[in-house]
Amino acid sequence: MKQAGQAGLVVAAAPALGRFAVAQTEQVTRVVVDSGRQIAQISPQLFGSFLEHLGRAIYGGIYEPGSKLADADGFRTDVIAEVREVGVPIVRYPGGNFVSGYHWLDGVGPKKDRPVVLDRAWNSIETNQFGTDEFIEWTRKVGTEPLFGLNFGTGTAEDAAALVEYCNVARGTKWSNLRRSYGHEEPYGVKFWCVGNEMDGTWQIGHMDARDYGMKAADAARQMRVVDPTVKLIACGSSGPFQPTYITWDLTVLEQCYEVVDGISLHRYFGNDSETDHDSRKYVAMNLAMDRQIEEIIDVCDTVRAQKRSDKQLFLSFDEWNVWYRARSGDAVDGHRTFAPHLLEEQYNLEDALVVGGLCNSLMRHADRVKVSCLAQLVNVIAPLMTNEDRILRQTIYYPYAWALKYGKGKVLSLFSEGPGYEVASLGRPTESGGLSSPGFGQVQYLDVVATLDADRKTANFFVLNRDLDNEQVLEINFHDLTPTGVKAFETITGNDLKALNTFAEPKKVVPQTVESPKVGSRMSVKLPARSYSVLSLSL
Ligand code: AHR
């Protein structure tokens, strides 16, 4: 993706358009915007999220009967309002690792008859008071779409097909009639399904090898398609590059099931940890590792496509991504057989928000192949939103995610970008045990820029990460064939302290600031503060 330029100058993405290939001064990054150079239309599901039966995500997060903030169905109204406002388009459910030991039948029917079970993924008590029907009800209240995960650990292909039947068949069959008998007359029409979760991981209940998983996925996919031919099925890809089986897992799985699935999953969690040598300069470049991962999995998909002489091109579902490295071991991941324990309650600081902004950029610039993604997760568990008894809190990472949802619409443009940068020659080993280290990135540009153009060509939006932790940087935007007429919005998230975070006591320590509007023109200069992620919306 990135190529080394001359002394401190880095060239990214598309080849230079001749008339702009002029000498570069330090601290100025030049981009050329040409509306004809389009990467793709952004998929409506590009910035989804994730809710797992884990910690306080469901119980005490979105569902808390008895709370003064709950509605008649037990849903937290403050959470509903926030999720509606941010406009999350799709939510993955019910796991994650949880799903690989989950019997969906335990979570439907009269609540008084539902069993209390031990969730072996997180060693927690699961009451099953919230299940498939409650989740569908919640998605309707917040105006989002469900993405169901299927149990490929203890569950069979038949169980998976039965859940599709329960959700999507109108009437007249065993499982559709069961749904109707529980008071849900109309089918749910669930379109997207994850065919298992992280089955390559030794930590996963029912972990298996790639060929066995691929064969089981193919069998289940065929059965599910008989039940509902319109479903979109996402095969379970590698849990990440730290896995020794990364790539070979994906190749082997797709050799078995390529023709009967529509997409493949990618997962990745980032941290300012051993992988970045605890160096914030490396940390804020880590979205380049996401770029690389996406491009490697595209190569795998297209290799199998070529082997099979297939017409079909798979899409990528990056259905778990976020920063997660502090609340990742010991009591933070062990519920000790309690109900709704405080698990994975990561507190996010400013530098995490910058990284999440960069990750949003990476997803957008791969909008041609990444059609679904899920920020993992949504509430209380590695989440942009936290709840306590009285309130809801926006963590720092909420803001770049909210901007991606608000402004990341229309088409993503392919930018020519040239500017100063710094070297990231190597990375360390990730925190996951036995993790393999990744290569470095070579020269990294200070400014990471993505531009989108709305369908009516009346708005262009720029998402800019300034990785320079010490200095302001200037972005020079050269419009090839569009004329900006004004600034609709220019907001940034920045601050002096990379470790600053929001708490219930101090909820506004890291919040967006409005920046003075730049002078607009077909060649315009925009100042980006040190340590910042910004969105600039221009009317055309
Ligand atoms: O999102 C937290 C966990 O991370 C999920 O349960 C699992 O799929 C991943 O390892």
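Three strands make up an open sheet, running in the order β7-β8-β14 with mixed pairing. Strands here are DSSP runs of E at least two residues long, helices are runs of H or I at least four long, and both are numbered from the N terminus. Two strands count as paired if DSSP finds at least two bridges between them. The edges are β7 (117–119) and β14 (338–339), each pairing on one side only. Strand β8 (residues 124–126) runs parallel to β14, and two bridges link the pair. Within it, I125 sits opposite F339 in β14.

A quick word on what you're looking at: this is a predicted model, where local features need pLDDT of at least 70, side-chain atom pairs count only at pLDDT 80 or more, and totals for chains, interfaces and linings use all residues. Residues are numbered from 1 along each chain as its sequence is written, and side-chain values use heavy atoms, with hydrogens and water left out.

On a 1 Å grid over the protein atoms alone, a cavity is a set of points where a 1.4 Å probe fits but cannot get out, and lining residues have an atom within 4 Å of a point. Searching the whole structure turns up three cavities of 30 Å³ or more. Of its 14 lining residues, H53, L54, G55, I125 and E126 are closest to the centre. The biggest share of that lining comes from β8, with three residues.

Now for the ligand. There are 13 residues around it, and E52, N97, E198, Y269 and E320 come nearest; to be near, a residue needs a heavy atom within 4 Å. Polar contacts are pairs of N or O atoms within 3.5 Å. A ligand oxygen is 2.7 Å from a side-chain N or O atom of E52, and E198 also has a side-chain N or O atom 2.7 Å from a ligand oxygen. For Y269, the distance is 2.8 Å. The protein buries 96% of the 280 Å² that the ligand exposes when taken alone, with areas from the Shrake-Rupley method and a 1.4 Å probe.

You'll find E198 in the loop between β10 (192–195) and α5 (210–227). Elsewhere, a cis peptide bond joins G95 and G96, with omega about 15°.

Conventions:
Polar contact = N/O pair within 3.5 Å; in protein donor to acceptor, adjacent residues only side chain to side chain. 1 Å grid on protein atoms, 1.4 Å probe; cavity = no way out; pocket = protein on both sides within 12 Å on 5 of 7 lines; lining within 4 Å. Points joined across faces, edges and corners; volume = space filled by probe spheres on them.
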